[in-house]
Amino acid sequence: PRKVIVFLMIQPELTQKAAVKKILGERADPPAGDINLTRREKEILKRIIKGKYNSDIATEFVISKNTVKAHVSNIIKKLKVKNRSEAAVKAVREKLV
């Protein structure tokens with residue numbers, strides 16, 4: 001705890017969690033290049049960028065709409081965005097697919 005307080009005094013813009021991770025030598029957030037999307041998530045993200053609906057993606061890959069929904073949810077979490085539109089924008093800007 002004492003190290004965290006000292007660290008936060010030196011770098012007050014850090015959150016307590018980020019300070020602890022920094023002290024322990026861990027990254028608080030992975031850099032954009034470290035976003036670890038699966039092959040299927042990348043395929044689905046490409047379809048999202050093209051404006052495809054979950055039902056269209058499900059039909060194309062012969063999977064259920066719920067499976068597509070789960071992949072989209074995972075993509076949103078991994079990219080740390082709020083919705084599929086933001087995921088598409090981030091993927092294009094950062095050349096993730």
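Contact here means heavy atoms within 4.5 Å. By that criterion, and with neighbours within four places in sequence left aside, Arg47 is in contact with Lys52, Ile57, Glu60 and Phe61. The model is predicted. Its chain has 6 helices and 0 strands, so the pattern read along the sequence is α-α-α-α-α-α. Of the 97 residues in the chain, 26% are buried. Among contacts between residues at least 6 apart in sequence, 46% join residues at least 24 apart.

**Helix 3 and its cover**

- Helix 3 spans residues 39-49, and its buried residues are Glu41, Glu43, Ile44, Leu45, Arg47 and Ile48.
- The cover over these buried residues includes helix 4, helix 5 and helix 6.
- Arg47 lies in helix 3 and has a relative accessible area of 16%. Buried means under 20% relative accessible area, which is why Arg47 counts as buried.
- Leu45 is also found in helix 3 and is buried, with a relative accessible area of 0%.
- With neighbours within four places in sequence left out, Leu45 is in contact with Leu37, Ile75, Leu79, Ala87, Ala88, Ala91 and Val97.
- Leu45 and Ala88 are 43 residues apart along the chain, and their C-alpha atoms are separated by 6.9 Å.
- Gly51 follows helix 3 and has a positive phi, near 85°.

**Nonpolar core**

- In soluble globular proteins, nonpolar side chains tend to be buried together.
- The largest nonpolar core of this model has 18 residues. Ile44, Leu45, Ile48, Ile75 and Leu79 have the most contacts inside this core.
- At least two residues of the core come from each of helix 3, helix 4, helix 5 and helix 6.
- Helix 5 gives the most to the core, with 5 residues.
- Ile75 touches Leu37, Glu41, Ile44, Leu45, Ile48 and Ala87, when residues up to four places away in sequence are not counted. Two of these partners, Ile44 and Ile48, are listed with Ile75 among the residues with the most contacts inside the core.

**Helix 4 against helix 5**

- Helix 4 (residues 54-61) packs on helix 5 (residues 65-79) at an angle of about 110°, and the axes are 8 Å apart.
- Angles of 65 to 115 degrees count as roughly perpendicular, and helix 4 and helix 5 are therefore roughly perpendicular to each other.
- Their crossing is right-handed.
- On the helix 4 side the contact involves Asn54, Ser55, Ile57 and Ala58, which meet Lys65, Val68, Lys69 and Val72 in helix 5.
- By class, this contact of helix 4 with helix 5 has 4 nonpolar, 2 polar and 2 charged residues.
- Ile57 of helix 4 takes part in this contact and is also one of the residues in contact with Arg47.

**Helix 5 against helix 6**

- Helix 5 and helix 6 pack at an angle of about 60°, with 10 Å between their axes. That angle makes helix 5 oblique to helix 6.
- The crossing of helix 5 past helix 6 is left-handed.
- Helix 5 contributes Val72, Ile75, Ile76 and Leu79 to the contact, and helix 6 contributes Arg84, Ala87 and Lys90.
- By class, the contact of helix 5 with helix 6 has 5 nonpolar, no polar and 2 charged residues.
- Val72 is listed in the contact with helix 6 and also in the contact of helix 5 with helix 4.

**Positive phi outside glycine**

- Val62 is not a glycine but has a positive phi of about 55°.
- Val62 sits in the loop between helix 4 and helix 5. Val62 counts as exposed because its relative accessibility is 72%.
- Lys95, likewise a residue other than glycine, has a positive phi near 50°.
- Lys95 is found in the segment after helix 6 (84-93). Lys95 counts as exposed because its relative accessibility is 71%.

How values were computed:
Residues numbered from 1 in each chain as written. Predicted model: local features only at pLDDT ≥ 70, side-chain atom pairs only at ≥ 80, totals over all residues. Heavy atoms only, no water. Axes fitted to C-alpha atoms, helices over the stretch in contact; angles between N-to-C directions. Helix = DSSP H or I, 4+ residues; strand = E, 2+ residues; numbered from the N terminus. Parallel < 35°, antiparallel > 145°, perpendicular 65-115°, else oblique. Left-handed = near helix turned anticlockwise from the far one by under 90°. Nonpolar A, V, L, I, M, F, W, Y, C, P; charged D, E, K, R; others polar. Buried < 20%, exposed > 50% of the residue type's maximum accessible area, 1.4 Å probe, protein only. Core = buried A, V, L, I, M, F, W, Y, C linked by side-chain atoms within 4.5 Å.
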